Amino acid sequence: MSNSRLRPRRGAGGGSGAAGRDQLVSRSLQSAEHCLGAQDFGTAYAHYLLVLSLAPELKEDVKETFQYTLFRWAEELDALNRIQDLLGCYEQALELFPDDEVICNSMGEHLFRMGFRDEAAGYFHKAVKLNPDFSDAKENFYRVANWLVERWHFIMLNDRKRNMIYNAAIQKAVCLGSKSVLDIGAGTGILSMFAKKAGAQSVYACELSKTMYELACDVVAANKMEAGIKLLHMKSLDIEIPKHIPERVSLVVTETVDAGLFGEGIVESLIHAWENLLLQPKIKGENSNCEKYGKVIPASAVIFGMAVECAEIRRHHRVGIKDIAGIHLPTNMKFQSPAYSSVDTEETVEPYTTEKMSRVPGGYLALTECFEIMKVDFNNLQELKSLATKKPDKLGVPFIKEGVLDAIVVWFVLQLDDEHSLSTSPSEETCWEQAVYPVQELTDYNVKPGHHVTMEVSCQDCYLRIQSISVLNLEHKMEVSKSCTKNKDLLALGNEAELCSALANLQTSKPGGVEQTCVLESTEIALLNNIPYHEGFKMAMRKVLSSLAPEKLCQVMDTRCQDNEMNSETGQNNTIQGAPEPFYVLDVSEGFSILPIIAGTLGQVKPYSSVEKDQHRIALDFISEANHFAKETLEFWLKHVEDESAVLQRPKLDKLWSIIILDVIEPSGLIQQEIMEKAAISRCLLQPGGKIFPQYVLMFGMLVESQTLVEENAVQGTERTLGLNIAPFINQFQVPIHVFLDLSSLSCVPLSKPVELLRLDLMTPYLNTSNREVKIHICKSGQVTAIPFWYHMYLDDEIWLDTSSEASHCKQAAVVLEHPIQVEVGEELVLSIEHHKSNVSITVK
């Protein structure tokens, strides 16, 4: 890092001033080098700033050392929580090196860690623009791009039907006199541009996300409408008249609705708009000019629901097994997914998950007719205000089929006006997913015709809540209308006497003493339901421990011999005093894992778990106790180390681990970050003959043609957006990797057979290669648009787990090509696979 041979170049002018400057620069360079040697990075950084301000011609000569000094000093400032100083240093550095991709990327990393995702993305994006081959910056940008511009933006903009219906409704409203428009939650600004094209005189658009706001500015300018649309980077709740917009508007357009309708705050924003930003609503029967009155698009919505049986939803939200690889789950140990919504909960938690039900693996069975849940009029202020305070409505719906009740699936119809509507129903080909309310905590999930599902429905905390879901057998309790196909023919449970009688017959007691509840992520519940995973680990751990046992037996025999010698000398006949040393097993899986308890069943084992959450530790202790483990058998490793980075240290200085379990694949379908670094540390901590699990991983992939993946990855031209130029701007945020895929239900045509793409060996790293080429034989003609991939995790050469199997808790991922490649049967395509750190890139040669 030394720059001692660098000397400032003399300016053409010469003279004593130049000589003094050169002397000061030379001294400062020497001081900077001395400080670097003493690891005084702050002072070294100050000296380099002085050098570069006095002698900018030295920039290229000292660039590398300056970067090193900046990064080390930034680390110290970060550790001291001197955030302002840290950001100030980077701003100074970027003034000196505005086009340095390494500094831009590092600035982004610091901002990202601090939670400033928008700002971080800007620096990552700039770093990639400066150097498209800078892999660290690309990976960082891909990581934040999904947060900043969520994938549904691409899908929605590609939904031509949706765009056409919104455009027609806006056009109609403007033609009828609504000439001043406010677009709430503008996104790319497409609705604002529809209004401007329709002839609106003044259009205002607000967008809270900085990234989306800047994107909308670029889009509006590219479509030559910047003079006619005023963009505001703010929440609609903060808009004031005349500070931000000059007067009340006659039309609000918005699509701030999620799969559960209310989750993006549409009720709150429209209450504020009616009270502060919109003209008064038109009174029924009046025929005056629409320009004098306010209205909202969408005008109203009707929410529908349906009870379903769905094995895929079940395995992600209910633990459906009592024994996992010999470990008994006690009946009073309850697991719940975050989507479970308790009536008594104080936290504002999204009470549903989302699924594209038409694509859910294994499909679903409708157990009821579709039923109406709720109507809401967005043009009625009093109705909007009453939604949050209204008591829950009780609904009861008869089952029409026999099956297992797994969820209430919800969708809605947006009535944009009296003529135009959009449905998010599972039967519609639309960009929307459906809201899914998993059913949990029933004594019996089996239902049949004659039974009824009952529930309470409300709109609390800006969410549609469906709570207190129960199954009642009312065959002999009350007469029910047979025709439940019409929305008005719902069974309203208003007869309290009948209801109480039915409820009295339900089993409400909870046997088994004290009940423990543990909230797990849906992927963690799916993992508990993954029987092959736990059986595979149990078999592989048993094989490793058996292979190590002879060594342990020798230790036991030596101890016995020594004791016998001592006893013969003293005339005593005591039992063995020194118990053999146990095997140490460390599980550093992400999230909740019962593998340490399974390891504890395999003999003289001291298992360690690295779970972080207290409720997870309590649950593991509870399960251990139910399986008659001694309380001290299971240890929680993070209790023993103050620094979480030391998690892979051995339990005692003279002990090594027999088995270390690593999480190699994320539930999203990607390789875990820094897994190879963790494996390198783990190898140093294994006893002779000890193993890392998995020992190696094979990555498989295939070529497919999938229009679905293309449309979910990038906006396709201008035809889908009705001639508006949006694609080039939002497509800057497309990422080549599509995660959380279900390959079994993906709409695609396979063009090749699966092939091995890469081997990652955690035990013998010299077998790994950083890049390789793979030839793939084309078995069907078509256009290659994507390369889905998945993994086989080898616990040893005989026991392996497939992340593409039905039982897997992991999803798959795919590389989506920027430009499709036409291929014919019999041809070969060459893929280049690069492995850098924990990131894998796949390109077509």
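**Cavities, strand pairing and backbone features of a predicted model**

The residues that line the largest cavity fall into eight nonpolar, one polar and one charged. In this classification Ala, Val, Leu, Ile, Met, Phe, Trp, Tyr, Cys and Pro are nonpolar, Asp, Glu, Lys and Arg are charged, and the others, including Gly, are polar.

Colleagues, a word on the basis of these values. The model is predicted, so local features are reported at pLDDT of at least 70 and side-chain atom pairs at pLDDT 80 or more, while totals for chains, interfaces and linings use all residues. Residue numbers start from 1 along each chain as its sequence is written, and side-chain values use heavy atoms, with hydrogens and water left out.

Let me stay with the cavities. A cavity here is a set of points, on a 1 Å grid over the protein atoms alone, where a 1.4 Å probe fits but cannot get out, and a lining residue has an atom within 4 Å of a point. Points are joined across faces, edges and corners, and a volume is the space filled by probe spheres set on them. The search of the whole structure returned two cavities of 30 Å³ or more. The largest holds about 60 Å³ of space. Its lining consists of Y533, F537, L662, D663, V664, I665, P694, M793, H809 and C810.

P694 sits in the loop between strand 26 (686-693) and strand 27 (696-701). Strands are DSSP runs of E of at least two residues, helices are runs of H or I of at least four, and both are numbered from the N terminus.

The second largest cavity has about 40 Å³ of space. M374, L387, K390, K391, P392, D393, V457, S458 and C459 line this second cavity. By class, its lining comprises five nonpolar, one polar and three charged residues. Which element supplies the largest share of that lining? The answer is strand 19, with three residues.

Strands count as paired if DSSP finds at least two bridges between them. Angles are taken between N-to-C directions, from 0 to 180 degrees, and axes are lines fitted to C-alpha atoms, for helices over the stretch in contact. Strand 19, residues 451-460, pairs with strand 20 over nine antiparallel bridges, and H452 has L472 of strand 20 as its bridge partner.

A second open sheet has three strands in the order 32-36-37, again with antiparallel pairing. Why does one side of strand 32 (771-777) and of strand 37 (839-844) lack a neighbour in the sheet? Both are edge strands with a single partner strand, so one side of each is left without a neighbour. The average twist in this sheet is 25° from one strand to the next. Six bridges link strand 36 (residues 828-836) to strand 37 in the antiparallel sense, and E834 is bridged to S841 of strand 37.

Two further pairings involve strand 35. Strand 29 (residues 737-741) runs antiparallel to strand 35 (residues 812-823) and is joined to it by three bridges; here I737 has V815 as its bridge partner. Strand 33 (residues 782-794) pairs with strand 35 in the antiparallel sense over seven bridges, and A786 stands opposite V816.

I turn now to a helix pair. The axes of helix 5 (residues 101-114) and helix 7 (residues 135-148) come within 10 Å and cross at roughly 35°. The contact is built from N105, E109 and F112 of helix 5 together with D136, A137, N140, R143, V144 and W147 of helix 7. This contact has four nonpolar, two polar and three charged residues. Contact means heavy atoms within 4.5 Å.

Finally, two other backbone features. I297 and P298 are joined by a cis peptide bond with omega about 10°, and P298 lies in the loop between strand 5 (295-297) and strand 6 (300-309). A325, although not a glycine, has a positive phi of about 50°. A325 belongs to the loop between strand 7 (323-324) and strand 8 (327-328).

Definitions and conventions. On a 1 Å grid over the protein atoms alone, a cavity is a set of points where a 1.4 Å probe fits but cannot get out, and a pocket is an open set with protein on both sides within 12 Å along at least five of seven lines; lining residues have an atom within 4 Å of a point.
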